[in-house]
Amino acid sequence: MKGYTTDQLHQALKHFFGYDGFRHFQLEVIQNVLKGEDTLAIMPTGGGKSVCYQLPAVMSPGIAIVISPLIALMKDQVDALNANGINAAFLNSSQSQDEQQRVIKQAQDGDLKLLYIAPERIPANNTAFFEFIKRLNPSLFAIDEAHCISSWGHDFRPEYLKLSVLKQYFPAIPVIALTASADGVTQKDIIERLELRSPRQFVSSFNRPNISYFVLPKKNAVGNIIEYIRRHEADSGIIYALSRASTEEIATTLAGQGIKAAAYHAGMDTSARNSVQEAFQKDDIRVVVATIAFGMGIDKSNVRFVIHHDVSKNVEGYYQETGRAGRDGLPSDAILFYSAGDIIKLKRFTMVDDNPQQSAIALKKLEAMQQYCESPGCRRQYLMQYFGESFPSYCGSCDYCLSELEERDATEDAQKLLSAIARTGERFGAGYIADFLRGSSAEKIVPAHKELKTWGVGKNLKKDEWMWMAQQLLSGGYISRTDGEFAGLRLEEGAWRVLKGEARLKLVMKKAVKEQPVQLDPDYDIKLFEQLRRLRVGLAQEQNVPAYAIIADNALIELATFLPTDFTQLANISGFGDYKVAKYGAVFLNLVTEYMQANGLTSRMHFKKAKPSRKAKAEKPAAGSSMDASLQLFLDGMSIADIAKERRLSVGTVEGHLAAFIASGDLSITKVVPFDRLRNILETIEATGQYVAAKPIKDLLGDDYSFGEIRMVLEHYKRTKR
Ligand code: ADP
Ligand code: ZN
């Protein structure tokens with residue numbers, strides 16, 4: 001095979017596949033294969049392994065033989081190749097005898113560039129089979145999911161062992177083994193069993209930065225899944241469950257909630273599976289609920305979430321499954337519902353009969369999975385380290401990093417810690433320093449140290465937080481460990497700069513205030529909630545702001561729970577401050593009341609505890625004053641005009657009186673100005689971009705609106721704006 005320049009390879013990539021550039025090590029792998037060398041390519045799922053053998057296949061004379069265990073995926077691959085004008089076909093047990101004969105004929109006629117073969121199609125007596133292949137003039141062998149040949153791997157398939165003599169039959173034909181399994185032992189095993197000749201290994205990073213990882217306690221998992229799917233209306237995803245029965249049960253539950261979902265598992269016949277797969281590809285089905293062991297054929301680039309209803313048997317499998325999310329590079333979620341009980345159940349499953357060695361391997365892998373779920377720390381870091389890559393302790397996009405940690409300026413605290421190290425003579429370990437900072441009076445604290453100024457200045461952080469900080473300062477090179485029997489901490493150059501205030505320091509620290517996740521009330525009316533959300537989407541689009549800026553989800557949930565029917569009740573719903581009541585109150589109330597009427601519901605506001613008043617009140621007009629009298633009459637139900645007549649004041653003066661109570665918060669604007677007018681005035685205020693002068697607002701609104709009315713709304717606006 002001749003050598004190609006990088007340029008030529010780029011052109012070929014564009015020509016055959018339409019891609020603009022190579023990813024990861026694709027280029028290097030392809031060059032190695034084209035040189036006729038053996039290759040082991042390790043890339044995460046979705047990393048782009050296929051191109052690594054498909055491009056060499058189309059650029060070489062003869063036919064590339066691809067061994068792949070995934071029958072469902074084979075068809076997709078072949079379809080995709082054909083769609084790119086590349087002749088390819090497959091041989092597997094799903095085909096009729098006639099079909100297989102037709103494919104064999106095509107191959108013999110030299111009409112194919114790639115032939116996919118399922119390992120079970122290789123007969124036990126592989127001599128005849130290999131003779132057949134030899135006559136086809138093979139250009140290369142690609143062994144997909146190569147970890148299947150290793151009993152150390154997580155998906156050992158005995159049929160793959162038939163391939164171990166491949167190199168003996170075809171010593172001159174390059175072999176490329178591909179896998180997403182990064183386990184070192186497995187890699188070595190692949191090379192040995194395939195007898196690869198001085199292979200080059202390419203390992204690309206396993207990090208999938210666009211996927212966020214979440215491990216959640218398994219409580220009402222299906223309810224939470226429904227909730228999640230509702231919040232991600234436009235997205236499609238895969239839910240993995242352990243048993244066929246549970247995939248069907250979950251799919252049925254989801255369908256019952258109006259979510260387009262279907263089960264997918266090995267117990268279904270091929271045509272049923274194909275139709276689910278096709279519907280999923282076409283977005284006719286949003287959610288596929290698949291067994292962990294199966295569902296491998298699902299290849300869809302815009303999968304936005306992968307949810308594990310049950311824990312996986314090992315990290316390799318788990319990572320491979322989550323890898324099916326976000327192949328298009330867009331942000332996606334991987335969510336796992338974890339219960340320790342599931343691990344116990346799985347332990348029984350993972351035992352391989354009569355094979356203690358295999359069982360031990362499986363158990364160890366399960367333990368690692370358990371550790372992933374239980375260890376307090378960045379999930380991504382755990383995964384990356386599992387796959388042999390180093391990764392910092394903060395990724396910013398896993399449940400741990402998002403809920404527990406934040407990266408922030410920690411210069412002041414770091415100074416305390418560093419100066420504590422300095423003052424105590426750079427001889428003590430992190431535990432001692434932490435105790436010292438927290439002002440511990442324990443005996444182990446040297447008495448003289450209790451006299452130091454730094455003793456006890458660190459009560460703002462807990463002991464483990466100080467230790468955690470020391471850890472980071474160590475890995476950042478600000479401090480180091482002294483040698484000797486009792487390793488102490490010592491300051492490095494960088495530390496002095498921090499101490500002198502010459503450098504500031506950002507560290508990953510526990511969040512100052514832990515955010516409370518939204519508590520969902522199970523009793524809310526889901527249909528109404530959906531309608532409210534749609535209303536909110538409409539408002540958000542109209543005003544070109546994000547939906548949450550209109551009103552938060554939990555406000556909608558409260559609406560759908562308590563069913564308020566008037567403005568006063570609405571003001572009791574969390575999230576509805578006066579401003580929001582005035583601006584959006586009527587539209588939301590309309591929807592709620594219409595819905596209640598249509599469904600024969602009555603308000604449940606009596607279940608709602610009163611909202612504590614949130615704002616300190618502005619100065620209240622003195623009781624018994626003239627203003628008070630106006631307010632009293634107004635509250636008694638008199639119109640402003642009537643009050644003016646009664647009290648022989650001008651309308652403007654009465655409006656001024658009421659404006660004062662609006663400013664102090666004692667009178668709600670919604671009681672004074674009808675909603676439509678209120679909205680118009682508010683919008684005009686915003687249009688003028690100021691809320692001091694009434695004149696420009698009046699100029700825009702015209703004669704229909706009085707100065708007094710505008711002033712009242714201005715007072716309201718000022719009050720809620722703060
Ligand atoms: P793997 O087999 O490693 O799981 P695939 O070969 O199926 O990954 O590739 C994953 C996705 O990435 C596919 O949708 C593929 O079209 C796309 N892809 C692969 N290589 C490139 C590239 N160089 N440029 C753009 N997209 C690519
Ligand atoms: Zn993280």
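**View 1. Aromatic pairs in a predicted model.** A search of the whole structure finds 18 aromatic pairs, where rings of Phe, Tyr and Trp (its six-membered ring) pair if their centres lie within 6.5 Å, and where planes under 30 degrees apart count as stacked, over 60 as edge-to-face and the rest as tilted. In the pair of F17 and Y19, the ring centres are 6.1 Å apart and the planes stand at 20°, so this pair is stacked. F17 counts as buried, with 11% relative accessibility, whereas Y19 is partly exposed at 43%; buried means under 20% relative accessible area, exposed over 50%, and partly exposed in between (1.4 Å probe, protein chains only). This is a predicted model, in which local features need pLDDT of at least 70 and side-chain atom pairs count only at pLDDT 80 or more, while totals for chains, interfaces and linings use all residues. Residues are numbered from 1 along each chain as its sequence is written, chains are lettered from A and ligands numbered from 1 in the order in which they are written, and side-chain values use heavy atoms, with hydrogens and water left out.

**View 2. An aromatic pair within helix α6.** F129 and F132 form a tilted aromatic pair, with 6.2 Å from centre to centre and 45° between the planes. Both residues lie in helix α6 (residues 126-135), 3 residues apart, which is about one turn of the helix; helices (H or I, at least four residues) and strands (E, at least two) are DSSP runs, numbered from the N terminus. F129 and F132 are both buried, and they belong to one aromatic cluster together with F130, F141, Y169 and F170.

**View 3. The loop residue V165.** V165 is found in the loop between β5 (138-143) and α7 (166-169), and V165 is partly exposed, with a relative accessible area of 24%. Leaving aside its neighbours within four places in sequence, V165 is in contact with N126 and F130, contact meaning heavy atoms within 4.5 Å. V165 and N126 are 39 residues apart along the chain, and their C-alpha atoms are separated by 9.0 Å.

**View 4. Arginines over tyrosine rings.** R379 lies over the face of Y372, at 5.9 Å from the ring centre, and the charged end of R677 sits over the ring of Y705, 4.2 Å from its centre. A charge sits over a ring if NZ of Lys or CZ of Arg is within 6 Å of the ring centre and within 35 degrees of the ring normal. Not counting residues up to four places away in sequence, Y372 touches R379 and also Y213, V215, Y318, Y382 and L383.

**View 5. Nonpolar cores.** The largest nonpolar core has 80 residues, of which L115, F141, I143, Y213 and Y372 touch the most other members; such a core is a set of buried Ala, Val, Leu, Ile, Met, Phe, Trp, Tyr and Cys residues joined through side-chain atoms within 4.5 Å. Helix α14 (residues 356-374) gives the most to this core, with 5 residues. At least three residues of this core come from each of domain 1 (6-203) and domain 2 (211-386), the domain bounds being taken from an automatic or database domain assignment. A second, separate core of 35 residues includes Y53, V78, A118 and A142.

**View 6. Two residues with positive phi.** Most residues other than glycine have a negative phi, and most peptide bonds are trans. Phi of E195 is near 50°, a positive value, and E195 is placed in the loop between α8 (184-193) and β7 (200-203), where E195 is partly exposed with a relative accessible area of 31%. Phi of L563 is positive too, near 55°; L563 is found in the loop between α23 (553-562) and α24 (567-570), and L563 is buried, with a relative accessible area of 2%.

**View 7. Confidence along the chain.** The mean pLDDT of the chain is 86, and 94% of its residues reach 70 or more, pLDDT being the predictor's confidence in each residue, from 0 to 100. Over residues 513-522 the pLDDT stays under 50, and the model has 8 contacts for this stretch beyond four places in sequence. Over residues 611-620 the pLDDT is likewise below 50, and this stretch has 15 contacts in the model beyond near neighbours in sequence.
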